[in-house]
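Read this report with the coordinates open.

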Amino acid sequence: MKKVILMASALSGIMVLGQASIGGGATNDIQKIFPATPETYSMFKAGDFPVDYRTGKLNVSVPLYEIKTRYGVTIPIGLTYNTGGIKVDEMSGIAGLGWSLAIPNTISVEMHGKNDLDSNVWFPKAPYYYTTQEVALFPQEDIDKLSHVMNGNLDTEPDIYHYNLPTISGSFIRDSNGNFRTIPYEDVKISYANDEFTVIDPKGIVYTLGWGNMNKSVSYNVISSEVYFSSFVLKKIKFPNNEEVSFTYGKSMSYSHMTHSFSDIYVDPSNTIACPGTAKKINNKTKNTYTEALLTEVSHDGEKVNLNYTNTIQGIQGRKDLDGTVNTFALSGLTATYQGKEVKKMTLEHDYFVSSGTEDSYKKYRLKLNKIKNMLDNTEHSFEYNEAYLPYLSSTSQDLWGYCNGYYGIPIDGNNSQKLIPNLKYVNKDYTEGGNRDVNDNASQAYILKKIVYPTKGSSSFTYENNTIWETLLISREESFALGKASGRVETYGDGVDAESPEFYMNDASNPSYHVAWTNGCDNASGQIGTTDAHGWFEEYNPVTGWQTVKLFAKTIAPFIVTPSMHNKDYKKRVRVNVISGNSPCAASINAYVTKTVTSEPKSNVLVGGLRIKAIDDFDGQTNYTKRTFDYSKPDDPDHQTSGRLASPLEFLKRHYSVGHPSGVYVDDICENYVLTADQAASSGLSGKDVVAYSYVTENTLGKGKKVYQFPSHDFHLNITQVNAGWNPYLFLDKNLQSEKSYSVTGELLQEKKYEYELNQMKNALSTDQPQGVGNALALSTSFSFYELNNNTMQRQVKVRVNNSYNIQSGKWLLTKSTDKNYLNGILTSETVNSYSLSDINKPINLMKSETRFFDGSASEISYQYAHEKNNQKLINANIIATPLESSSIQKRNVSDPSGTTISKTETKYDDPANLLPTSVLSFDLQNSQAATTEVTYDKYDAKGNLQQYTTKEGIPTVIIWGYESILPIAKIVGAKLSDINQSFIDSIVIASQTDGSQGTIASEERMLNALDRV
């Protein structure tokens, strides 16, 4: 007898597809930085890595909609905000400053040198072989390559591609054979042809991406131009069950932004004779023209999501914060329909942050997201920001990392781009022409999101603080220390004042800078003699003649610098002030001080750029309370020492090489000088994402106690006043959670979890460009410079040298052991040890066995086999290589039990050559592991990969009927085959479902139910 069951939701309990998971070339040495479009930058900034405690950043997200596929993959659509801070040179994306449209649909391009997709590449494995030699002396093969590099026809620096897709994320490079190598290693197939990327994940899901956002950069003073795509966008997803999701980009917008860079090449004092005329200052400006592809529709079966845009904000066409036409847009909302019926409608409300003090009107504005409204249920999210500081775009008011520092800023242009260089004492140069790049902990919070008000009228408020590091920021800075001060004030017709400071010396062996500051508020301050005048004296004591004047002050002047020739360092000093009586009150003071170059002090927490979350305060409609707080210091440290360490290199001073012509000599030579260089584009580049990484974070949750998270610590010291102070920007570091401790509200340790990882670098050898003996590298990124010299024989020779060369590292961190200890009973709760397939470089790295030991001494073991182990070439070809095909579970009495008892063993078969869908599930006799029984057979699928019929081991067939455009199961018929059911019945209920889907009324639903009742 057949049994008909109405299916109210997706079929469950039979099988779930796709959800099997197992836990646990430059011609000079001043480098060009290529910026990303603002939208690419905002997407990358918020979506590159999952937000964790290690960085102190909290990604705030507002879900707008999500697409759930029958294959088990969910595609979220929402807005994400990154709380790491807003940079002064950061432009707004389509959702608003700091916000990004969060859809996992991009490959972002971090370009170095030339565009690798359009250029020939050569990544030399031993680049320092070419250091400072004449090109013509190399073998012809090397001459040809170096000539192509010099002419810009061969790229030696790999681009870094960052992919963020619904089931996979990470980075990759393209080697010189055109193969793509992932960072970290993943069993992902990547190819590029006909301007499209095809990416296949380890479950066989195929992603197709095409051209997205485009940049055109034209530099004027240092003439160069480059056109490249800063992102590729997802066009289609195809699942192994033939299900598809498509993406349409029906709008685009273009706008421009000018950035500036500055280089100050100065000569080593020892080279002034050998290298005359090689010092120079270079101001360069670059016009960046951005063209962004805007996602307008996502479609999946009968489901459509439309993204809406507006070019009118506050009644004005065209975005005021972009230098473009009226066709510049902001995201204005989202509408989702199913079978033509509206199921979600969201709108966004914007206006602008407004700064002042710049003539470039668009630089005054930043797009501000105020509200997100749900129009179907009449609710909204609203947002508040920190607007105490509102620096304009391209202001000099920024710290070393590009965040606002609140100091007086002016627009960066071709006349003052030297302000990008920090005023510090560098090697052989005390730089004073630059800007103040210090960190200001209040100004750093410019523009940051500080409060969200929810539809319930409750709210969350965010408290931030600056990142800190401990003893590792070796950035020299100027600090002043008082030596002596004298001041005086007189009232009308009062007595005159004569005051002097205590005595002091100016004989510091470190040769600091000595100053005398004179402040005059009396009549003669402007240089005119008046009735109430003041004078100041800087004096020294000569043992023979007594006190004598070094400098007399009357008119107000800037602080006076005391040079060694002005005084005798062995004589004691004093400053003195005299104010005579007159007709009006006045005051004057004189102050001697010393300015020293110092580095960070020992045992101190040093402020650095960017923000971390400190506290989250909630309001439930009646009461405000602090829900969560975060502490980044080492636990139980008496000095409250921060656990922060620098995570990204920072570099201003480099060696510079140029052609010099010594006086009286007719032969050129390469002169080794210094160059201070900075580029605005660095603030919008994709490299150097995290300023600081923390090894300890303590999270306190109201009423729940606290948790302490521990991450690996990596010590990087930074002294930007030294040459080449940075480090390899392509390090592949362990960023995994090492331990997690849970404490009660009263402080008792309740639970401890530990995780051990092992770095495997086996797959790096697959890269054609791996340097010999460097197992952690995929390739080297090398920058060359070329120099044309006169060799006194009327011939010119070309020399080459290496500017820098970095290992691009990769590998895979494998979780090898995890332990869970419960302190309520003081014993180990469980310990899990994992083993992986590491024997064959050409096979995927999969979890093969997981063994768990329990507190009672018993153990269990689960082992897996995949397509390669089962020799399923069809699945291997489709890259379905991470889905377990066979699993077996063994229970052991204790860890020394040699074999244990098999408690389950199953295998999923994929025998139909016509598709990639499972055909049956086998179970094995526990007494005889070779004897298998078919538990279920999947007999028939439709063209969309929907299961239409399966048969259990008892021989009972079951039919599934799919309606609503073959999206949802509407009936399950037990005891009948599909061929036994009258087609007219199937058609009637399917048509009824289609009508219900399009009309969406109670009457249409009743008609569909009546059609089922007639069975």
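A residue counts as buried when its relative accessible area is under 20%. By that cut-off, Phe 172 and Phe 180 are both buried. The model is predicted, and its confidence comes first.

**Confidence**

The average pLDDT of the protein is 85, and 89% of the residues score at least 70. Over residues 8–28, pLDDT is below 50, and this stretch has 51 contacts in the model beyond near neighbours in sequence. Residues 684–688 also stay under 50, with 13 contacts beyond four places in sequence.

**Aromatic pairs**

How many aromatic pairs does a search of the whole structure find? The search finds 35. Two of them involve Phe 172. Phe 172 has 0% relative accessibility, so it counts as buried. Phe 197 is likewise buried because its relative accessibility is 0%.

These rings belong to one aromatic cluster, whose members include Phe 172, Phe 180, Phe 197, Tyr 161, Tyr 163 and Trp 211. Tyr 192, Phe 229 and Phe 232 are also among them.

Lysines sit over tyrosine rings in two places. Lys 285 lies over the face of Tyr 220, 5.5 Å from the ring centre. The charged end of Lys 706 is over the ring of Tyr 743, at 4.9 Å from its centre.

An open sheet of three strands has the order 7-53-52, with antiparallel pairing. Its edges are strand 7 (133–134) and strand 52 (777–790), each pairing on one side only. Two bridges join strand 7 to strand 53 (residues 796–809). Glu 134 stands opposite Lys 799 of strand 53.

Strand 35 (residues 497–500) pairs with strand 40 (residues 573–579) elsewhere in the chain. In a regular strand the side chains alternate between the two faces of the sheet. Strand 35 has Val 497 and Ala 499 on its covered face, and Asp 498 and Glu 500 on the uncovered one. Val 497 has Val 579 of strand 40 as its bridge partner.

| Strand pair | Bridges |
|---|---|
| Strand 7 and strand 53 | Two |
| Strand 35 and strand 40 | Four |
| Strand 56 and strand 57 | Five |

Ser 850 stands opposite Ile 862 in strand 57.

**Two buried serines**

Ser 830 is in strand 55 (residues 827–836). Its relative accessibility is 16%, so Ser 830 counts as buried. Beyond neighbours within four places in sequence, Ser 830 contacts Ser 818, Thr 819 and Asp 820, and also Thr 852, Arg 853 and Phe 854.

Ser 633 is in a loop, between strand 43 (624–631) and strand 44 (644–646). Is Ser 633 buried or exposed? Ser 633 is buried, because its relative accessible area is 6%. Its side chain makes a polar contact of 2.9 Å with the side chain of Asp 631. Setting aside residues up to four places away in sequence, Ser 633 touches His 640, Gln 641, Thr 642, Ser 643 and Tyr 696.

**Backbone exceptions**

Most residues other than glycine have a negative phi, and most peptide bonds are trans.

Ile 183 and Pro 184 are joined by a cis peptide bond, with omega about -10 degrees. Pro 184 lies in the loop between strand 11 (180–183) and strand 12 (189–193).

Asp 301 is not a glycine, yet has a positive phi of about 50 degrees. Asp 301 lies in the loop between strand 21 (297–300) and strand 22 (303–310). With a relative accessible area of 29%, Asp 301 is partly exposed.

Lys 457 has a positive phi near 75 degrees. Its loop runs between strand 32 (449–453) and strand 33 (459–470). Lys 457 is exposed, at 55% relative accessible area.

Methods:
Residues are numbered from 1 along each chain as its sequence is written. This is a predicted model: local features need pLDDT of at least 70, side-chain atom pairs count only at pLDDT 80 or more; totals for chains, interfaces and linings use all residues. Side-chain values use heavy atoms; hydrogens and water are left out. Buried means under 20% relative accessible area, exposed over 50%, partly exposed in between (1.4 Å probe, protein chains only). Two strands pair if DSSP finds at least two bridges between them. A polar contact is a pair of N or O atoms within 3.5 Å; within protein, one must be able to donate a hydrogen and the other to accept it, and residues adjacent in sequence count only if both atoms are side-chain atoms. Contact means heavy atoms within 4.5 Å. pLDDT is the predictor's confidence in each residue, from 0 to 100. Rings of Phe, Tyr and Trp (its six-membered ring) pair if their centres lie within 6.5 Å; planes under 30 degrees apart count as stacked, over 60 as edge-to-face and the rest as tilted. A charge sits over a ring if NZ of Lys or CZ of Arg is within 6 Å of the ring centre and within 35 degrees of the ring normal.
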